Amino acid sequence: MLKSIVLFFTVLFVFSSFALSTLPLKSHASTDTVSAIGQYDENNIFAKILRKEVSATVVFENEFVLAFEDIHPVKPIHILVIPKGKYRSILDFSEKASDIEISALIRALGTIAKKMKIAQDGFSIMSNSGHDGGQTVPHLHFHLLGGEKVAWEQTMRSQKVDIDN
Ligand code: 5GP
């Protein structure tokens, strides 16, 4: 009797381990959208990257701007360009950021496009705001996409599908 119980639990354990191991790994990047308005959340992932608590592959940095590779690139070149200031979205950035912060960010976008060697063939820049925009990280960021043709709507849609699966 004891032998059968042990055998039963052993089989159950082996089967559950196998079943769990076949599940797709869930990405740590969330697909939950966030509001573009409201208080700045100090614990958002980009704030952690800025504080160097989370690592990222940085491609450009100056006093006002940080740019790093997206963890789930949807194009051969997929860079996230963010202001170092605490802005949740384009709404508070356009309202509260200084002229120097705003110009630094726009200038950085051009500089990074050239640095990533996508200036010649072209690229797309997008920034998602709030729930309808599909924003998932509540720190203003611009997606710089290139390295192949960008059909922006399909690109962003397939990104969300890839993360879900
Ligand atoms: P959104 O959906 O807000 O427009 O874009 C957020 C982006 O941040 C997504 O493309 C997602 O892949 C990226 N992302 C989320 N978490 C991390 C992370 O920990 N590191 C990096 N490098 N990118 C991240």
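Biologist: Are Tyr87 and Phe93 buried or exposed?

Modeller: The model is a predicted one. Within the model, both Tyr87 and Phe93 are buried.

Biologist: How many aromatic pairs does the structure hold?

Modeller: There are two aromatic pairs. One of them is formed by Phe46 and Phe68, whose rings lie 5.4 Å centre to centre with 75 degrees between the planes, an edge-to-face arrangement. Phe46 belongs to helix 2 and Phe68 to strand 2, so this pair ties together parts that are 22 residues apart in sequence. Phe46 counts as buried because its relative accessibility is 6%, and Phe68 is buried with a relative accessible area of 2%.

Biologist: Why is the pair of Tyr87 and Phe93 edge-to-face?

Modeller: The criterion is the angle between the ring planes, with over 60 degrees counting as edge-to-face. For Tyr87 and Phe93 the planes stand at 80 degrees and the ring centres are 5.1 Å apart, so the pair is edge-to-face.

Biologist: Let us turn to the sheet. What is the order of the five strands?

Modeller: As a general idea, strands of a sheet pair through backbone hydrogen bonds, in either a parallel or an antiparallel sense. Here the five strands form an open sheet in the order 1-2-3-5-4, and the pairing is antiparallel. Strand 1 (58-61) and strand 4 (123-126) each have a single partner strand and stand at the edges, so one side of each is left without a neighbour in the sheet. On average, neighbouring strands of this sheet are turned by 20 degrees against each other, direction ignored.

Biologist: How many bridges join strand 1 to strand 2, and which residue in strand 2 does Val58 stand opposite?

Modeller: Strand 1 and strand 2 (residues 65-69) run antiparallel and are joined by three bridges. Val58 stands opposite Phe68, the residue that also forms the aromatic pair with Phe46. Phe60 has Ala67 in strand 2 as its bridge partner.

Biologist: Which residues of strand 5 lie on each face, and are they buried or exposed?

Modeller: Phe142, Leu144 and Gly146 lie on one side of strand 5, with His143 and Leu145 on the other, and all of these are buried. Five of the five residues of strand 5 (residues 142-146) are thus buried. Strand 3 (residues 77-83) pairs with strand 5 in the antiparallel sense over five bridges, and Val81 has Phe142 as its bridge partner in strand 5. Strand 4 is joined to strand 5 by four bridges, again in antiparallel fashion. There, Met126 stands opposite His143.

Biologist: I now come to the backbone angles. What is the phi of Lys52, and where does Lys52 lie?

Modeller: Most residues other than glycine have a negative phi. Lys52 has a phi near 65 degrees, a positive value in a residue other than glycine. Lys52 lies in the loop between helix 2 (45-50) and strand 1. With 56% relative accessibility, Lys52 counts as exposed.

Biologist: What is the phi of Lys117, and where is the place of Lys117?

Modeller: Lys117 is not a glycine, yet its phi is positive, at about 65 degrees. Its place is in the loop between helix 4 (99-115) and strand 4. Lys117 is exposed, with a relative accessible area of 72%.

Biologist: Finally, which residues make the nonpolar surface patch?

Modeller: Ile37, Ile90 and Leu91 make a nonpolar surface patch of about 270 Å². Of these, Ile37 is found in the loop between helix 1 (2-22) and helix 2. Ile37 is exposed, with a relative accessible area of 58%.

Conventions:
Residues numbered from 1 in each chain as written. Predicted model: local features only at pLDDT ≥ 70, side-chain atom pairs only at ≥ 80, totals over all residues. Heavy atoms only, no water. Pairing = 2+ DSSP bridges. Helix = DSSP H or I, 4+ residues; strand = E, 2+ residues; numbered from the N terminus. Axes fitted to C-alpha atoms, helices over the stretch in contact; angles between N-to-C directions. Buried < 20%, exposed > 50% of the residue type's maximum accessible area, 1.4 Å probe, protein only. Patch = residues over 30% accessible without salt bridge, like charges linked within 9 Å, V, L, I, M, F, W, Y side chains within 5 Å. Areas by Shrake-Rupley, 256 points an atom, 1.4 Å probe, with all protein chains shown as cover. Salt bridge = Lys/Arg side-chain N within 4 Å of Asp/Glu carboxyl O. Phe/Tyr/Trp six-rings, centres within 6.5 Å; stacked < 30°, edge-to-face > 60°.
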